[in-house]
Amino acid sequence: NATLAVAGHGGIKDSLQSLSKDLGMENNVVFTGTLSKPVLAKLYHASELCATASTSEVQSITMLEAMASGLPVVGVNARGLGEHINIQNGLLAEPDDPEDLARKILLLLQKDSLRKKLGVSAALFAQNFTAERIATNWEQIYEKVIKNYTKRR
């Protein structure tokens, strides 16, 4: 009963489209291509969760945008994703284990209360990355550096 929306572009798009057709799932997989910010926001708000199998994300903007939209995230426990996804806002799968990723996605699709709880926490977590919050954090860092520098002089 689920539809998978694959947003963005990449070198394996054609092979993924062929795979979805070979598996008889072409009616359940939508390849949107690159979306404008307003259209992407609509996609987030129409979604139940956001998932990524990437093992190279340092800090996934897509993941943070999804969280800010109130979506729980299922990601791979690799690089920066493991630092941002936790038991309060999503689920982590083992790298190079597509079955584990699928189990985590299915769990959230089947457990409405868990999905909604994680989504609320995800939206709160994403607030740590607003421009205002980051600017305040940098100001505090600069103030400490200046204070320590002037003490040493």
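A salt bridge, as I use the term here, is a side-chain nitrogen of Lys or Arg within 4 Å of a carboxyl oxygen of Asp or Glu. I keep in mind that I am reading a predicted model.

**Entry: the salt bridges**

I looked up the salt bridges and found four in the structure.

I began with Glu-48 and Arg-115, whose closest N and O atoms are 2.8 Å apart. This pair links distant parts of the chain, 67 residues apart. I found Glu-48 in the loop between α2 (37-46) and β3 (50-51), while Arg-115 belongs to helix α6, residues 112-126.

Next I turned to Arg-115 and Asp-112, which meet through their side chains in a salt bridge at 2.8 Å, N to O. Both sit in helix α6, three residues apart, and about one helical turn separates them.

Is Arg-115 buried or exposed? Arg-115 has a relative accessibility of 7%, and because the cut-off for buried is under 20%, I note this residue as buried. Its two partners read otherwise: Glu-48 is partly exposed at 41%, and Asp-112 is also partly exposed, with 41% relative accessibility.

**Entry: a pair within helix α5**

I moved on to Lys-104, which forms a salt bridge with Asp-100. Their closest N and O atoms are 3.1 Å apart. I see both residues in helix α5 (residues 98-110), four residues apart, or about one turn of the helix. Asp-100 is buried, with a relative accessible area of 8%.

Where does α5 lie? I traced α5 across β3, β4 and β5, running at about 165° to β5. Those three strands form an open sheet in the order β3-β4-β5, with parallel pairing. I marked β3 and β5 (90-93) as the edge strands: each has a single partner strand, so one side of each is left without a neighbour in the sheet.

How many bridges join β4 and β5? I count four between β4 (residues 73-76) and β5, paired in the parallel sense. For one example I followed Gly-75 to its bridge partner in β5, which is Leu-92. As a reminder to myself, strands of a sheet pair through backbone hydrogen bonds.

Technical notes
Residues are numbered from 1 along each chain as its sequence is written. This is a predicted model: local features need pLDDT of at least 70, side-chain atom pairs count only at pLDDT 80 or more; totals for chains, interfaces and linings use all residues. Side-chain values use heavy atoms; hydrogens and water are left out. Helices (H or I, at least four residues) and strands (E, at least two) are DSSP runs, numbered from the N terminus. Buried means under 20% relative accessible area, exposed over 50%, partly exposed in between (1.4 Å probe, protein chains only). Two strands pair if DSSP finds at least two bridges between them. Contact means heavy atoms within 4.5 Å. Axes are lines fitted to C-alpha atoms, for helices over the stretch in contact, and angles run from 0 to 180 degrees between N-to-C directions.
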